[in-house]
Amino acid sequence: MGETSLQRGATATAEGLRSNSGGWRSAFFIIGVEVAERFAYFGISSNLISYLTGPLRQSTVTAAENVNVWGGTATLLPLLGAVVADSFLGRYRTIIIASLIYILGLCLLTLTATLPSFKISACEDNEKPASCSPPRLQVVCFFFSLYLVAVGQAGHKPCVQAFGADQFDGEDPEESKAKSSFFNWWYFGTYVGIFVTLLIIVYVQDNLSWGLGFGIPCVVMVLALGIFLLRTRTYRFSIKKNEKSPFRRIGRVFIAAARNWKASSPTMANEDGHGNIHLEKSEQFKFLNKALLIPSGSNENYRECSVEEVEEAKAALRLIPIWTTSLVFAIVVAQSGTFFTKQGATMDRTILTFKIPAATLQAVISLTIILFIPVYDRVLVPAARLYTSKPSGISMLQRIGTGMFLSALSMTIAALVEKQRLKTAKEHGLIDHHSAEVPMSVWWLLPQYVLFGASDAFTMVGLQEFFYDQVPNDLRSVGLSLYLSIFGVGNLLSGLIISVVDRATSGNGGDSWFANDINRAHLDYFYSMLAGFNAVGLCGFICFAKHYVYYRRSVI
């Protein structure tokens with residue numbers, strides 16, 4: 001009877017804390033901070049290739065490689081930021097420090113973009129184009145500022161999303177359902193920020209000033225940090241237990257399994273009483289079960305690995321094939337901000353009487369996501385529940401695979417459209433007139449952008465939820481950084497592929513697939529190759545997904 005009273009008291013206390021903190025009340029403001037960060041990030045990345053080929057006067061290939069390397073670095077560094085947050089500083093402190101670094105980078109970026117440089121018009125008659133390049137110090141400062149932004153994002157990106165999801169109690173049925181919707185609305189919010197960037201900031205950069213175009217995101221980030229700090233009292237903070245680092249726990253399992261590799265008939269360690277651990281899951285990756293064995297001759301101070309620790313290690317191991325097969329999708333994603341933009345720049349971009357900037361075409365992806373996610377969350381998921389009886393409608397891996405299929409379809413259509421664009425340019429004698437406008441409407445690009453947006457809504461959100469859910473609770477920032485690292489490595493691989501293909505196709509005096517005169521290039525071949533890569537990656541993903549065992553039984 002006394003035990004029941006204590007349980008009721010604990011429940012009442014938990015409900016009191018739940019009613020006064022967290023939930024959508026806090027999550028909406030955290031989503032707002034992410035909207036501002038995406039506004040700032042895409043205010044740089046979406047039109048970066050235009051700045052590099054314009055004011056910095058780099059070649060198309062060099063600029064594309066620089067964009068991919070920077071994008072890859074910016075999405076790989078969150079692994080380091082997440083480790084710092086989960087092991088030392090905590091998510092809240094990491095967000096504040098990272099935001100300050102982010103703002104410093106944006107301030108310096110604005111400063112370097114406003115420094116005086118040689119006018120392009122003065123270079124047109126110059127016999128030595130290299131002498132038209134901006135001062136070397138300005139270029140160095142620009143890239144230093146650019147990578148400082150990447151460092152700021154390293155702590156900001158994984159921690160803000162994990163901190164937002166932490167505002168919902170997974171043990172409470174209602175809040176657990178809300179947490180599933182959180183990832184949809186999180187992605188919806190981020191693309192609202194991206195959409196506004198592509199409509200406003202890109203126009204400012206192309207038509208008014210690059211300094212102003214970089215300065216506005218800086219101001220927005222300052223305001224976002226202020227709002228985040230003002231809402232501190234409403235947040236829920238996860239309390240770190242006095243136990244070993246999750247990295248040490250997982251590493252210890254692999255060491256113990258290796259040490260007991262030759263053990264034949266040892267004593268099995270007892271389960272430590274955690275009700276959420278199920279022994280049947282240990283059937284996969286059986287070699288790690290060796291960590292549960294107590295070696296013969298062990299002294300009384302020997303501490304064996306628990307079932308929970310072994311399951312944590314197995315969960316980490318299961319992520320590797322899903323992470324690897326998602327890389328091809330990430331390589332495809334890298335193209336929307338580089339060659340898609342250069343492709344659209346050559347076409348008729350007049351809508352009514354207004355000529356839209358080429359980078360603004362990426363707004364179609366954002367608009368597709370903004371329109372699709374509410375339909376998915378409020379219509380498709382409830383309809384799917386009727387057939388599958390799953391809370392999320394379809395599983396996370398099914399959602400990811402659907403997006404990969406749409407991505408392959410998008411690249412196939414992109415290749416066909418580019419083939420038609422090249423044919424039109426040839427018919428009108430524009431092969432050696434790269435600055436001339438091809439008489440072909442930019443609306444031809446609409447299908448590939450729409451499919452790109454739909455594939456993002458499926459795969460990106462699915463990957464976010466998957467890597468948040470399928471890691472131990474105290475490694476969720478790391479889990480989300482693993483999701484980001486897919487696109488970091490994807491960007492780097494995209495840059496490597498571009499470099500290799502450029503060298504391979506520009507030999508013997510021929511035109512590269514990425515020739516500066518895009519009317520002599522062959523992006524259609526490149527897109528076809530990526531579509532083939534994507535199809536192979538999808539087949540591998542399906543094979544691994546079929547045999548995947550979810551870390552938590554609550555996930556179906």
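Me: Which residues are linked in a network of salt bridges?
Reply: Glu34, Glu37, Arg38 and Lys157 are the linked residues. Keep in mind that this is a predicted model.

Me: What does arginine 38 pair with there, and at what distance?
Reply: Arginine 38 meets the side chain of glutamate 34 in a salt bridge, at 3.7 Å from N to O. Arginine 38 also has a salt bridge with glutamate 37, at 2.7 Å from N to O.

Me: Why would such side chains pair at all?
Reply: Opposite charges on side chains can pair when the charged atoms come close.

Me: Where are arginine 38 and glutamate 34 relative to each other in the helix?
Reply: They are four residues apart in helix α2, which covers residues 23-45, so about one helical turn separates arginine 38 from glutamate 34.

Me: Are those two buried or exposed?
Reply: Arginine 38 counts as buried because its relative accessibility is 8%, and buried means under 20%. Glutamate 34 is buried too, with a relative accessible area of 0%.

Me: And glutamate 37, buried or exposed?
Reply: Glutamate 37 is buried, as is arginine 38.

Me: How many salt bridges are in the whole structure?
Reply: A search of the whole structure gives six. One of the salt bridges joins glutamate 311 and arginine 318, with the closest N and O atoms 3.9 Å apart. Glutamate 311 and arginine 318 are both buried.

Me: New topic, helix packing. How do α4 and α7 sit against each other?
Reply: Helix α4 (residues 60-76) packs with helix α7 (residues 136-165) at an angle of about 30 degrees, and the axes are 8 Å apart. That angle makes α4 roughly parallel to α7, because angles under 35 degrees count as roughly parallel.

Me: Which residues meet there?
Reply: From α4, they include Asn66, Val69, Trp70 and Thr73. On the α7 side, Phe143, Leu146, Tyr147 and Val149 are among them.

Me: Back up a bit. How many helices and strands does the protein have?
Reply: The protein has 18 helices and six strands. Of its 556 residues, 53% are buried.

Me: What share of the contacts is between residues 24 or more positions apart?
Reply: Such residues account for 82% of the contacts with a separation of 6 or more.

Me: Let's pick a tyrosine. Where is tyrosine 449, and is it buried or exposed?
Reply: Tyrosine 449 is in helix α16, residues 446-469. Tyrosine 449 counts as buried, at 1% relative accessibility.

Me: What does tyrosine 449 touch?
Reply: Leaving out residues up to four places away in sequence, tyrosine 449 touches Ser336, Phe340, Thr341, Leu361, Gln362, Val364, Ile365 and Thr368. The C-alpha atoms of tyrosine 449 and serine 366 are 9.3 Å apart, although 83 residues separate the two along the chain.

Me: Which residues form a nonpolar patch on the surface?
Reply: Tyr203, Leu208, Leu212 and Phe354 form one, with about 380 Å² of accessible area together.

Me: Where is tyrosine 203 placed, and what is its relative accessible area?
Reply: Tyrosine 203 is in helix α8, which covers residues 173-207. Its relative accessible area is 32%, so tyrosine 203 is partly exposed.

Definitions and conventions. Residues are numbered from 1 along each chain as its sequence is written. This is a predicted model: local features need pLDDT of at least 70, side-chain atom pairs count only at pLDDT 80 or more; totals for chains, interfaces and linings use all residues. Side-chain values use heavy atoms; hydrogens and water are left out. Patches are made of residues with over 30% relative accessible area and no salt bridge: like charges are joined within 9 Å, nonpolar side chains (Val, Leu, Ile, Met, Phe, Trp, Tyr) within 5 Å. Accessible areas come from the Shrake-Rupley method with a 1.4 Å probe; for residues, only the protein chains shown count as cover. A salt bridge is a side-chain nitrogen of Lys or Arg within 4 Å of a carboxyl oxygen of Asp or Glu. Helices (H or I, at least four residues) and strands (E, at least two) are DSSP runs, numbered from the N terminus. Buried means under 20% relative accessible area, exposed over 50%, partly exposed in between (1.4 Å probe, protein chains only). Contact means heavy atoms within 4.5 Å. Axes are lines fitted to C-alpha atoms, for helices over the stretch in contact, and angles run from 0 to 180 degrees between N-to-C directions. Angles under 35 degrees count as roughly parallel, over 145 as roughly antiparallel, 65 to 115 as roughly perpendicular and the rest as oblique.
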